[in-house]
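Subject: Structure handover

Hello,

Here is the structure I promised. Please open it alongside this note, which says what turned up in it.

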Amino acid sequence: MKNKALLLISGLLALFTSSCELDVPVESQFVESNFPKTLSDYNASVGAIYANLSSSYAVPYWRMQEMSTDAAIIPARDGNFDDGGQYRQLHYHTWTPDHPNVLGIWQWAYSGILTCNRLLPITNNFGFNATELNTKLAEIRAMRALYYFFLMDLYGNVPIVTEYPVNDPPATQPRSEVYKFIETELLDVVKQLPAKTNSLSTNTQQYGRPTKGMVFALLAKMYLNSEVYVGTPRYPDVVRMADSVQTNRNYSLDAKYRDIFLPNNGPQINETIFAIPYDQQIPGNQFTRFGFFYYLTQAYGFNVGLSIAMSTTPEFYNRFNLLGDFRTKTWLAGPQFVPDGNGGFTNTPVYYPGTTTQIVIDPVLTLVPPKPMDLGNTLTSQSEGVRSIKYYPDPTIIQATRLNSNDVPVFRLADVMLMKAEAILRGASATSINGELQTPLVLVNKIRARSGAQTAGSITLNGIPDERARELYWEGWRRNDLIRFGQFEVEYPLPNDNLKMDKSTFRRLYPVPTNELKLNPNLKQNEGY
């Protein structure tokens, strides 16, 4: 169901784009003077934007957003999986400007931005008619705005670069200016972007590319966090953008929560607004590699060497306590049974290899000092920590790459509905969609009902973080949510923990990487670093 042609081109363009960094004659590069001018050539050229996006979204970017919170943790296991302490630095908020993700994601985002800047003047010369040209330019500018949103959310104050090549080292701009730039760009391009239709073939061509719905969802996210970003609340604008998504009846909640995240997900998922496609040729999704439990591989239909490292914290898992909630089954905890192929489990136990002892995953994480954030590496300690199968294990996974084919959603309808509910609880007025008044309780219960969870009798603003945790965990929004609710500095201690979280509020922003400061004297480091 995926647009494999576009994705394959994207992967090839990623390799080509990397080659442009080599010292080679300009004739071997695509520049304005030698770039082909057909529609197929245009699709190939923009593939570089998406290949860059997929390359780091589901691992290093995701780690900055989720592993700095209670939602995900990679503890060491007798020194294994420590990797220079980078994971515990995220967990304890002790990262430095030299952290590998801090540098890697800065460079990843600006690589995407510079690719967009490079393609804009080239696209002007493709020979499209005015309407086609505006649509193509809008696509590139929308993707550039998305990259800038990632930067603004993570680093706050960053340079705004719109030209290519860059003639002078760009200076740091305040977060408010970056926010204004993104908003202005999105409002300007939304008119030229396509809307989701009721045609699967059309949506397949649009899938993984910006649409009106993506812009509305991104603006809703910006407005929801506007008080954090620029000090000015904009909750009525959240509702306005959420309604702009929902008035397109081609978006709807899917009947089964599990279907949204299966290895064969794609444009047939009704609530996907914008997702990043992955498969065995599109590298980047390694949720099974890091978050599964390798003693269960054969029971799930494959036999590949995997990590035993990543889990969630007991404190976060305890939020999954609603009666009948299918989302609880997206975690592996307690005695393990053979899966039934429908997201549930049979009554057949799974045993540790070569034994008659049933595998039991213990939600607790009991650290073993003096090694920092270390569980030890016995069979018992390996079995500690609730694992996730939200991105359901892909049976096509192979040892050579250990990649998943599950596409990863960035924006989906359930998130938009929860944003609207929160904005109303923060003071915006409720509105009606298709004749139904959408109060926060109505919105929350629609999402609960889809997962079979008991409905709520009431909902308060304080209850929204748990609703978002249950619905959106491991989708890259936990850090964003905790900062907005003033909970980013709340500790979630583990037994025998000999380290403490740095509760400094300046860590709501990541630092400008040391290497970038050395290369560009016009950059300014964020406060506190």
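**Helix α4 and the overall build**

Helix α4 covers residues 100-123, and its end C-alpha atoms are 34 Å apart; this agrees with the 34 Å that 24 residues should span at 1.5 Å a residue. The expected span is 1.5 Å times one less than the number of residues. Helices here are DSSP runs of H or I with at least four residues, strands are DSSP runs of E with at least two, and both are numbered from the N terminus. Of the 24 residues in α4, 17 are buried, so the helix is mostly covered. Buried means under 20% relative accessible area, exposed means over 50%, and partly exposed lies in between (1.4 Å probe, protein chains only).

Two notes on the source. This is a predicted model: local features need pLDDT of at least 70, side-chain atom pairs count only at pLDDT 80 or more, and totals for chains, interfaces and linings use all residues. Residues are numbered from 1 along each chain as its sequence is written, and side-chain values use heavy atoms, with hydrogens and water left out.

Now the whole protein. It has 18 helices and ten strands. The C-alpha atoms fill a box of roughly 70 × 60 × 45 Å along the principal axes. Buried residues make up 58% of the 529. Contact means heavy atoms within 4.5 Å. Of the contacts with a separation of 6 or more, 72% join residues 24 or more positions apart.

**Helix α10**

Helix α10 takes in residues 235-246. Its twelve residues reach 17 Å from first C-alpha to last, close to the expected 16 Å. Nine of the twelve are buried, so α10 is largely enclosed by the rest of the structure. What covers them?

**Backbone points to check**

- Tyr164 to Pro165 is a cis peptide bond, with omega near -5 degrees. Pro165 sits in the loop between α5 (130-155) and α6 (175-189).
- Pro369 and Pro370 are also joined by a cis peptide bond, with omega about 10 degrees. Pro370 lies in the loop between β6 (360-361) and α13 (379-382).
- Asp83 is not a glycine, yet its phi is positive, near 50 degrees. It is in the loop between α2 (39-66) and α3 (86-91). Asp83 counts as partly exposed, at 45% relative accessibility.
- Asn496 also has a positive phi, near 65 degrees. Its loop runs between α17 (478-484) and α18 (514-519). Asn496 is partly exposed, at 47%.

**Pro511**

Pro511 is in the loop between α17 and α18. Is Pro511 buried or exposed? It counts as buried, at 0% relative accessibility. Pro511 and His99 are 412 residues apart in sequence, but their C-alpha atoms are 9.3 Å apart in space. Beyond its neighbours within four places in sequence, Pro511 is in contact with residues including Trp95, Pro97, Val102, Tyr155 and Tyr529.

Best wishes
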